Amino acid sequence: YLKYVGWLLNDKSKEVRRSCLTALGALFKDRELCQDLALFTKRFKKRLISMTCDLDQECAVAAIKALTNVLVNRVELSLDFTDEDCESIYQLVFHVHRPIAVAAAEFLNKNLLTGTGFEENSFTRRGKRRSKNAPHFINLVQFYTDADIHQHTTYLVDSLWDVNPALLKDWECMTQLLLDDDSLLKHQDETALVDLLVRTVKQAASGTPPAGRTGGHQKKHTGQSARTKVAEDRSLLTDELIESLPKLFAKFGTDREKIILLLQIPRFFDLDSYTVNRGEKYLDELLNELKQIVKKHAVEEILIEVSETFAYLANPDATICTKVHSAVTLLVDHLNDNFVQTINFMQQNENELSGEDTAVLGTLARRLSLLSGKNDLTHKGLGMTAIELLKSRVMVTENGDSIIQLDPGLIRYEKTT
């Protein structure tokens, strides 16, 4: 009688289609019955796959769940999924309707992200034990790069969050892959893994689905138990990343794309961990790396991220506030001294000033300007220094009007120094 169920998969009534899919899903889940379902499954596989895009969202979810059961028992069903079959289901993890996306993530997880990992006695060149999740992250990164989903990483993470939280919260494994030289990750793979690392940190610290995704249960993200879980996850991610983050900054400090992403991570830390867990050493390392990034870069995006991170770390309610404020002050003092010295040199040697010298001044001004956007630098008197600079560039036109002439380097300069 199964052929009648197969025919009804094309019924106009969504209730009929949904009932058929629910019944088939239960049958495919029973491994003992699967051998008797092999012929039926082979005949109707194409229709089942097409129903993952059914106009009725509940039918689509039921179809994906049924196919996931087929995947699990594919040996008993004597059935294989082609790459094209899998890709059509994988792409649904980016669907705006969350139940569809989660069901597709379950299929993706069963096929790519579960199974045997590295052996227990497998070690890296640095002598650290390899995580069993490393092969699964490599598969996930491969899916990321093949799908070209940089714009939609938050959707992927949200889809997998309830399906395989142990994998997505294995921040130690992610940092190990990024820091070890023998991880065999290519440049684009490292960028993808950094993106995934940052998105999982944000998801853990916020506990809310991305904007635009529908069908989720918003109430479960706002209850007391949800807030407690988020606080626990924030503490966990801080403990996992507090030591390795400065090392990631040191390794990727000159890589524009990666460092813009990595600079966001400290803003999701539980700052009490730096004192409660005796993490002052790691705070010093983090602050030092942030200062080095400011000195290396003049790119606006990077400097804005550094400024916002400094501002978060200098939260007046945090016990580390004084130490962070002192570090920012020392950094600003250094930049301000160079700024004033360059202005004095410029005023004394105006006719001999090269375009490169002018660009250096513009770079210093940009660094100070962007740092002041989130941090109070009024005590340095930078405003008066800038006014004096502008006064020195005043020119009178033939009509008697006063204008300020600025060199191109003072207006915009993005060379990394």
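**A friendly note on this predicted model**

1. In helix H2, the buried residues are Arg17, Cys20, Leu21, Leu24, Gly25 and Phe28. They sit on the same side of H2, because together they cover an arc of only 140° around the axis. Keep in mind from the start that this is a predicted model.

2. What do these residues pack against? The buried residues of H2 pack against H1, helix H3 (31-34), H4 and H5. On the face turned away from the buried side, H2 carries the exposed residues Thr22, Ala26 and Lys29. The helix itself runs over residues 14-29, 16 residues in total. From its first C-alpha to its last, H2 reaches 22 Å, close to the 22 Å expected at 1.5 Å a residue.

3. Next, a word on confidence. The chain has a mean pLDDT of 84, and 81% of its residues reach 70 or more. Where is confidence highest, and where is it lowest? It is highest in helix H5 (residues 57-72), at 97, and lowest in strand E2 (residues 402-404), at a mean of 38.

4. Two stretches call for a careful reading. Over residues 393-397 the pLDDT stays under 50, and the model has 17 contacts for them beyond four places in sequence. Over residues 400-417 the pLDDT is also below 50. This second stretch has 46 contacts in the model beyond near neighbours in sequence.

5. Now to the aromatic rings. The model has seven aromatic pairs. One of them joins Tyr4 and Trp7, whose ring centres are 5.2 Å apart with 90° between the planes, an edge-to-face arrangement. Both residues lie in helix H1 (residues 2-7), three residues apart, which is about one turn of the helix. Tyr4 counts as partly exposed because its relative accessibility is 42%. Trp7 is partly exposed too, with a relative accessibility of 45%.

6. A second pair is formed by Phe40 and Phe44. Their ring centres are 4.7 Å apart and their planes meet at 35°, so this pair is tilted. Why are the two separated by about one helical turn? Phe40 and Phe44 are four residues apart in helix H4 (residues 38-50), and therefore about one helical turn separates them. Are they buried or exposed? Phe40 is buried, and Phe44 is buried as well.

7. There is also an aromatic cluster to look for. Phe81, Tyr90, Phe94, Phe107 and Phe143 come together in one such cluster.

8. Turning to charged side chains, how many salt bridges does the structure hold? There are 18 salt bridges. In one of them, the side chains of Arg31 and Glu76 meet at 3.8 Å, N to O. Arg31 lies in helix H3, whereas Glu76 lies in the loop between H5 and helix H6 (83-90), so the pair ties together parts that are 45 residues apart in sequence. Arg31 counts as partly exposed because its relative accessibility is 46%.

9. Another salt bridge stays within a single helix. Glu106 and Lys110 meet through their side chains at 4.0 Å, N to O. Because they are four residues apart in helix H7 (residues 98-112), about one helical turn separates them. Glu106 is partly exposed at 26% relative accessibility, and Lys110 is partly exposed with a relative accessible area of 40%.

10. A further salt bridge joins the side chains of Lys247 and Glu243, at 3.7 Å, N to O. Lys247 is partly exposed, with a relative accessible area of 37%. For Glu243 the relative accessible area is 37%, so Glu243 is partly exposed. Salt bridges also form a network, which links Arg98, Asp158, Asp162 and Arg213.

11. Finally, have a look at Thr254. This residue lies in the loop between helix H14 (245-252) and helix H15 (256-262). Thr254 counts as exposed because its relative accessibility is 64%. Which residues does Thr254 touch, not counting residues up to four places away in sequence? Thr254 touches Lys296 and His297. Thr254 and Lys296 are 42 residues apart in sequence, and their C-alpha atoms are 7.5 Å apart in space.

Notes
Residues numbered from 1 in each chain as written. Predicted model: local features only at pLDDT ≥ 70, side-chain atom pairs only at ≥ 80, totals over all residues. Heavy atoms only, no water. Phe/Tyr/Trp six-rings, centres within 6.5 Å; stacked < 30°, edge-to-face > 60°. Buried < 20%, exposed > 50% of the residue type's maximum accessible area, 1.4 Å probe, protein only. Contact = heavy atoms within 4.5 Å. pLDDT = per-residue confidence, 0-100. Expected span 1.5 Å × (residues − 1). Arc of directions from axis to C-beta.
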